[in-house]
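Good morning, and thank you for coming. I would ask you to look at the sequence and the structure together before I describe them.

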Amino acid sequence: MPIPATAPIVLTTTTPLPIVCPVCRDSNSCPKHCSNKVFTKSYEMVERELKTRSSVEQPKRAPSLACRSEDEQWVDISNQRLRCTKMGALYPGSKFKGVQKSGKTSYEVAVEIQHVDLAESCLSGYLNIKGLTTEFPELTTFFEAEIIGPKHSFLTRKWQAEEQFDYTHWKRFPAFQPYLKTFNQDGFAYDFYDKDFIFMRWKEHFLVSDHHLRSIDGASYDGFYYICYQRSTNQITGYYFHHQSEWFQHLTLEHVEERSFGTYEFR
């Protein structure tokens, strides 16, 4: 059924409209803000003002933040920045593959870095090793790393690693030779930011498949790795240390190249 047409509303200029006080919202006389005067506007005046407002062009927004005008304040860009957490191939999602040699036996090793915090001189990730035990043909552990620098010295002072053990392991890295006589001095700090070689300690904490499992027949993650990473070659070398394990188990890793950006920055 069609809807009956309604008669158009005709605006007249004889009926005044009261102006509402913008302060107290009083539609009548406002003794406080309007001095007891009643201001009125006709429909004609209201229509004229509405047409004037609609004819004013709105400012155009720049299509890109880089080319916006100085007077356009519609985008608030903070001065705070989330700094880059990449140093060479050390970034979240980076992967390394290689081998760990124990005597004449070699085991396949894969490392995936999950988190990097250069400001706190630390990173963490997963270490996967194959063929170490018959019960667990493939083991994956979670590890945390201390980056040698202002927050962590070359002296371990924990995990049953005395200074002589630190010395005998660190000196096996050719890049450590310049620091043989100074690494244990008070006040010595290694600045890794401008160095090609980054030294670390990797400490395994638990088995990823079962974090309650503390001991495995034929394997142990109670020790830690002395690590040296070279930025120019993206290679990692290391030596595993634990009192009850074979000393100087050699770890060599190569970075797995990716076809994507390794890092980005939020602003």
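Which pattern does the chain follow when it is read along the sequence? The pattern is β-β-α-β-β-β-β-α-β-β-β-β. In total there are 2 helices and 10 strands; helices (H or I, at least four residues) and strands (E, at least two) are DSSP runs, numbered from the N terminus.

A word on the source. This is a predicted model, in which local features need pLDDT of at least 70 and side-chain atom pairs count only at pLDDT 80 or more, while totals for chains, interfaces and linings use all residues. Residues are numbered from 1 along each chain as its sequence is written, and side-chain values use heavy atoms, with hydrogens and water left out.

Let me turn to the interior. Of the 267 residues in the chain, 31% are buried, where buried means under 20% relative accessible area with a 1.4 Å probe, protein chains only. Contacts, meaning heavy atoms within 4.5 Å, can also be sorted by separation: among those with a separation of 6 or more, 53% join residues 24 or more positions apart.

The largest nonpolar core has 48 residues. Such a core is a set of buried Ala, Val, Leu, Ile, Met, Phe, Trp, Tyr and Cys residues joined through side-chain atoms within 4.5 Å. The members that touch the most others are F96, L123, F199, M200 and W202. Several elements supply at least two residues each, including β4 (105–117), α2 (163–170) and β7 (197–207). The largest share, 6 residues, comes from β8.

What does W202 contact beyond its neighbours within four places in sequence? Its partners include V111, L123, F143, F224, I236 and L253.

Next, consider helix α2. Its buried residues are F165, D166, H169 and W170. Seen down the axis of α2, they fall within an arc of 120°, so they line one face of the helix; the arc is that of the directions from the helix axis to the C-beta atoms. The cover over these buried residues includes β7, β8 and β9.

Finally, the loop between α2 and β7 contains F192. Why does F192 count as buried? F192 does so because its relative accessibility is 0%. F192 and G149 are 43 residues apart in sequence, yet their C-alpha atoms are 6.0 Å apart in space.

Note on methods
Buried means under 20% relative accessible area, exposed over 50%, partly exposed in between (1.4 Å probe, protein chains only).
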